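Hi there,

Here is the structure I promised to pass on to you. Please have a look at it first, and then read my notes below.

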Amino acid sequence: MKTYLVTGGAGFIGSNFIHYMFKKHGDSIRIINLDALTYAGNLGNLEDIAGKENYTFVKADIRDGKAVRKIFAENEIDVVVHFAAESHVDRSIRTPEVFVETNVLGTCIMLNAAKEAWEKEDGSFPEGKKFLHVSTDEVYGSLSDPNDYFYETTPYSPHSPYSASKASSDLLVKAYVDTYHFPANITNCSNNYGPYQFPEKLIPLIINNALHGKKLPVYGDGKNVRDWLFVEDHCKGIDMVIENGKLGETYNIGGHNEKQNIEIIGIILDTLQDLLPEDDERRKNISRDLITFVEDRKGHDRRYAIAPDKIKADLGWEPDTMFAEGIRKTIEWYLENEAWMDQVTSGDYQSYYSRMYNV
Ligand code: NAD
Ligand code: DAU
């Protein structure tokens, strides 16, 4: 049975990926989920599969080489899907060190453990082994020409401590490929949205604040552009790269869904108005008057936009979900899962939010 070691599987994209993989491949696969359960990790995301025989959760830190090597020693791992990371740009501006420790050192420890477990005596690697490193379009920096896009050949130019740490981790993966012929792929994708996203990120934060009649903080002039990708489309892309991606290659995954932040907020408010029943108390909270322009993010990248030409041409990947449909599905999910939101917005998140937004 093909065995996947998924790191960061209790986070936003990782948990969506585990759900996607079981839906797509059924019980023909086995998944081990390695997660340290930081503030961003939530086993509630995977409650429905917790008892499955072919699913195992291991609480461990990717910076802990001993714990990681133990997983490889006790299991015949075929594919590593490496999501675990510190993922929030604003937090990286406040506390860069943990981003270097987890994203750079943690990735090196994962690479080394896989290499030790897989490498044959002659230095080659068995057929079928693969390390898929999940990375971001932020490594390419910011686009100033409105007609330009990020390609796999675009030079790296990260600006935030987060993107610098992800760029470093990508370079380590490339170094393993070049030095050891290590079997790896890198995927660089744009902004994901969908169910189970932690509400420090723009879309769930705006949905949650609007439902509670709280201010909607817009950094700078609100005209920064992000390229939004429905998380399930991203998961499909990762699975296709695992199956058919050429070893050593990088694939950009993006939704061709460029939008200014202020447009996104308008769409969320309109969709909430449309979805909430007439007699729902929360309807009266939903208003453009909540939009509040706040101090800009330091070093705020102006525009990201991915050209997913290579993954389309080589592997046949295309996004299935256009933004209008994806955002509706996402908002419906948050409306149906208020208990999830209440659980994750308690504790650490409360103190983070008041420090971050001075409230
Ligand atoms: P997330 O913050 O929601 O989840 C991260 C997960 O990693 C959590 O479950 C957390 O507990 C775990 N984790 C953190 N540090 C760990 C450690 N030291 N050891 C073990 N587990 C640890 O992140 P996400 O949004 O799901 O992003 C997943 C990956 O995708 C990241 O590598 C991120 O850089 C990348 N990415 C995200 C996006 C996006 O829009 N969210 C876009 C491009 C790339
Ligand atoms: O591009 C891929 C990246 O997308 C991933 O690598 C990161 O892990 C992920 O967090 C995301 O980074 P962003 O910084 O683009 O996402 P965020 O949701 O934090 O912000 C999206 C945009 O919205 C950005 O221009 C900043 C702005 N913003 C964000 C927040 C939280 C606001 O205007 N107000 C806010 O309160």
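**The two ligands**

An oxygen atom of ligand 1 sits 2.9 Å from a polar backbone atom of Gly11. Before I go on, a word on the source: this is a predicted model, in which local features need pLDDT of at least 70 and side-chain atom pairs count only at pLDDT 80 or more, while totals for chains, interfaces and linings use all residues. Residues are numbered from 1 along each chain as its sequence is written, chains are lettered from A and ligands numbered from 1 in the order in which they are written, and side-chain values use heavy atoms, with hydrogens and water left out.

Back to ligand 1. A polar backbone atom of Phe12 is 3.0 Å from an oxygen atom of this ligand, and an N or O atom in the side chain of Lys166 is 2.7 Å from one. Taken alone, ligand 1 exposes 830 Å², of which the protein buries 96% (areas by the Shrake-Rupley method with a 1.4 Å probe; for residues, only the protein chains shown count as cover). There are 29 residues around ligand 1, and Ile13, Asp35, Ser87, Tyr162 and Lys166 come nearest (a residue is near a molecule if one of its heavy atoms lies within 4 Å of it). By class, 14 of the shell residues are nonpolar, eleven polar and four charged; here Ala, Val, Leu, Ile, Met, Phe, Trp, Tyr, Cys and Pro count as nonpolar, Asp, Glu, Lys and Arg as charged, and the others, Gly among them, as polar. At least two shell residues come from each of α1 (12–25), β5, α5 (161–180) and β7, and β5 has the largest share with three residues. Helices (H or I, at least four residues) and strands (E, at least two) are DSSP runs, numbered from the N terminus.

Ligand 2 has 23 residues around it, with Asp137, Tyr162, Arg297, His300 and Tyr357 coming nearest.

**Lys130**

Lys130 belongs to strand β5 (residues 130–136). Is Lys130 buried or exposed? Lys130 is buried, at a relative accessible area of 5% (buried means under 20%, exposed over 50%, partly exposed in between, with a 1.4 Å probe and protein chains only). A polar atom of its side chain lies 2.8 Å from the backbone oxygen of Val241, and the side chain of Lys130 reaches the backbone oxygen of Ile242 at 3.3 Å. The C-alpha atoms of Lys130 and Leu247 are separated by 7.9 Å, although the two residues are 117 apart along the chain.

**Aromatic pairs**

The count comes to 22 aromatic pairs; rings of Phe, Tyr and Trp (its six-membered ring) pair if their centres lie within 6.5 Å, and planes under 30 degrees apart count as stacked, over 60 as edge-to-face and the rest as tilted. One of them is Phe125 with Phe182, edge-to-face at 5.6 Å centre to centre and 90° between the planes. This pair links distant parts of the chain, 57 residues apart: Phe125 is in the loop between α4 (96–118) and β5, and Phe182 in the loop between α5 and β6 (184–189). Both Phe125 and Phe182 are buried. Tyr140 and Tyr156 are also edge-to-face, because their ring centres are 5.6 Å apart and their planes at 90°. Tyr140 is buried at 4%, whereas Tyr156 is partly exposed at 24%.

**Two positive phi angles**

Most residues other than glycine have a negative phi. Leu37 has a positive phi of about 55°, in the loop between β2 (29–35) and β3 (55–59). Tyr196 has one of about 70°, in the loop between β7 (191–193) and α6 (202–211). Leu37 is partly exposed at 28% relative accessibility, while Tyr196 is buried at 17%.

Best wishes

How values were computed:
Polar contact = N/O pair within 3.5 Å; in protein donor to acceptor, adjacent residues only side chain to side chain.
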